[in-house]
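Please keep the sequence and the model in view while reading.

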Amino acid sequence: MNTVNITSTLAEAQRIRQDLKTKYDADVGKCYQCGKCSAGCPVAFAMDTPPHKVIQLAKLGLYDEMMECHSTWLCATCHTCSARCPREVHPSRIMEGLRIEARNQGSVKVRPLDIFHTKFMKLVGKRGRVYEMALMLGYNLSVGRPLKDAGFAPKMILNKKLSLFPHTTSKARKEVRKIHERYNRMSNTPHPDQTSGGDTP
Amino acid sequence: MKYAYYPGCSLSGTGLEYNISTQAVAPLLGIELCELPDWSCCGASSAHLQDHTLALALPARNAALGEEQGLSLAIPCAACLSRSKAAEHAVKTSEDMRAQIESLIDRPYQATYPVKSILEIFIDAGLDTLKENIIKPLTGLKVASYYGCLQARPTDFMDVDDPENPQTIDTIVAALGAEPVSWSHKTECCGNSHPIAYPEVGGPLVNRILEQAEKSGADCIVCACPMCLGNLDMRQKALGKKRGRPFNLPVFYFTQLMGLALNLRPKKLGLKKHFISPIPLLSKKDLLKRIKIKKVKNKPADTPVPASESTETPTPNPDNKKGGPA
């Protein structure tokens, strides 16, 4: 385990606390490390840094360590931690926010999950609605497991639960594309596809 | 009551049973669902992991379309509901965000008409109305009501009776004459998209829920989310194989159970579309056979009138139809 000198990060801690408060309406300063968030977290078993430790990193001003966490990526956004937090710290808001920040900095820690969500959003941007067949095929090809879950397909197609053709309307498609265009202009950021692992092979 | 029905993307595909059963049941309870024209994806569980503002603008567009018609959205899918409620909450609590959303969607959106879950709408329609219409009480069926995350949380904008032990689905299940079991994993997370995108982590989450439902003595699970049903139904066989003992827990949408009790045809409810077939369980409990109804002239076709029991169906006397436990 790495040794970190926290004296030098305390000034940074104040800035981070204020920043998280402004952006996510969540005050890490109130946390008294009871660990209830991690106790109830369904994904804690797979995390390198469980939620209460992520909050503690923020309290200590260890921003780089926060950005390195895999746990913000593994969070299933079930909000159990926030619902149970006795101090109303809202760990789930912070986990989600940190994940977006890491992604915007080009640091993707759990690639398959990022690919899935990026593919999803790409389809929404293109068609206005999600086309499940394209999502699954695109995802499988991107992670190099083309036949993943393929065994479900025949029954689903037969039962009309997996459509071979996309369903949308031209108005829905056009308006959602416009929302994306306006959003890209407003945020002046590159399209998410260009920042992380959503590349189509 | 009339609503703008927002099916969402899943309900045309993997959640088809939820769509058809909702649309079959609603008119029987006096609820009019008109599909929102040109609805678009709400961003579901992906958009909010990539950008907060975009994740609010996408569902806001649909709610704004509903607002133009003067209607509340009626939403079956728990993820769509959660995102739409998030947008509604954002617009109501921040003028800045409202302005930003309105400029992104290029429409006014004041959140005047509250978005509603189809579950809430059925409860609001009155359990008495439901009970009056029950023709075939689901006697003897033990049901584990599974709410998952998004019917219960986040607590800042989901109007839930009790986030740790919600009762809405249980109340409907009990009204249908079935027996809701008490169990521990009602609001535990099924992993969202993890079972698809990251099964190493998603698998154990689904497994825990299935094991706890099994231990509670339930015959089946009932839920109100296409993602939850997909995870619990599709992954069940493989997880059973992995633990060396098969699971046998059919997973229903609550609207399918309502339809059964209202004597609708199994085909109208999509009961044959599940991976874990509920047909053997329903036959064993004598719940599959429809009660024969004598057609009365000049009556609307969608109001079933109980007349006589079919010879082989040992279901209760229709005169007794209100007799299911409440």
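Why does Asp149(A) count as partly exposed? The model is a predicted one, and the reasoning rests on a count of neighbours. A residue is buried if 20 or more other C-beta atoms lie within 10 Å of its own, and exposed if 12 or fewer do. Asp149(A) has 17 C-beta neighbours inside 10 Å and therefore counts as partly exposed. This residue belongs to the loop between helix H9 (132–142) and helix H10 (153–158) of chain A. Its backbone deserves attention as well: Asp149(A) has a positive phi of about 60°, although it is not a glycine.

Ala111(B) is placed in the loop between H5 and strand E4 (116–117) of chain B. With 21 other C-beta atoms within 10 Å, however, Ala111(B) is buried.

Chain A is divided into domain 1, residues 7–104, and domain 2, residues 111–194. The centres of these two domains, taken over C-alpha atoms, are separated by 30 Å. Along the principal axes, the C-alpha atoms of chain A fill a box of roughly 60 × 40 × 30 Å. Of the 201 residues of chain A, 41% count as buried. Of the contacts in chain A between residues at least 6 apart in sequence, 66% join residues at least 24 apart.

Chain B has both kinds of element, with 14 helices and eight strands. Its C-alpha atoms occupy a box of roughly 65 × 55 × 30 Å along the principal axes. For 326 residues, a compact globule would have a radius of gyration near 20 Å, and chain B agrees with this because its own value is 20 Å. In chain B, 55% of the 326 residues count as buried. Contacts with a separation of 6 or more are, for 75% of their number in chain B, between residues 24 or more positions apart.

Within chain B, four strands form an open sheet in the order E2-E1-E3-E4, with parallel pairing. Strand E2 (32–35) and E4 of chain B are the edge strands, each pairing on one side only. In general, strands of a sheet pair through backbone hydrogen bonds, either parallel or antiparallel. One of the pairings can be followed in detail: strand E3 (residues 73–75) of chain B and E4(B) run parallel and are joined by two bridges. Ile75(B) stands opposite Ser117(B) in E4(B).

Val25(B) is buried, since 28 other C-beta atoms lie within 10 Å. Leaving aside residues up to four places away in sequence, Val25(B) touches Thr255(B), Met258(B), Gly259(B) and Leu262(B). The C-alpha atom of Val25(B) is separated by 8.4 Å from that of Gln256(B), although the two residues are 231 residues apart along the chain.

A further backbone feature of chain B is the peptide bond from Arg153(B) to Pro154(B), which is cis, with omega near -5°. Pro154(B) is found in the loop between strand E5 (142–146) and helix H8 (168–175) of chain B.

The two chains meet where 43 residues of chain B are in contact with 45 residues of chain A. On the side of chain B that touches chain A, the elements giving two or more residues are helix H2 (44–47), helix H3 (52–68), helix H5 (95–105), helix H9 (194–197) and helix H10 (199–215) of chain B. The largest share, four residues, comes from H3(B). By class, this side of chain B has 21 nonpolar, 15 polar and seven charged residues.

The model scores ipTM 0.90 and pTM 0.90. Chain B averages a pLDDT of 91, and 90% of its residues score at least 70. Over residues 305–326 of chain B, by contrast, pLDDT stays under 50. For that stretch the model has 44 contacts beyond four places in sequence.

Methods
Residues numbered from 1 in each chain as written. Chains lettered and ligands numbered in written order. Predicted model: local features only at pLDDT ≥ 70, side-chain atom pairs only at ≥ 80, totals over all residues. Rg over C-alpha atoms; globule rule 2.2 N^0.38 Å. Contact = placed C-beta atoms within 7 Å. pLDDT = per-residue confidence, 0-100. Nonpolar A, V, L, I, M, F, W, Y, C, P; charged D, E, K, R; others polar. Domains from an automatic or database assignment. Pairing = 2+ DSSP bridges.
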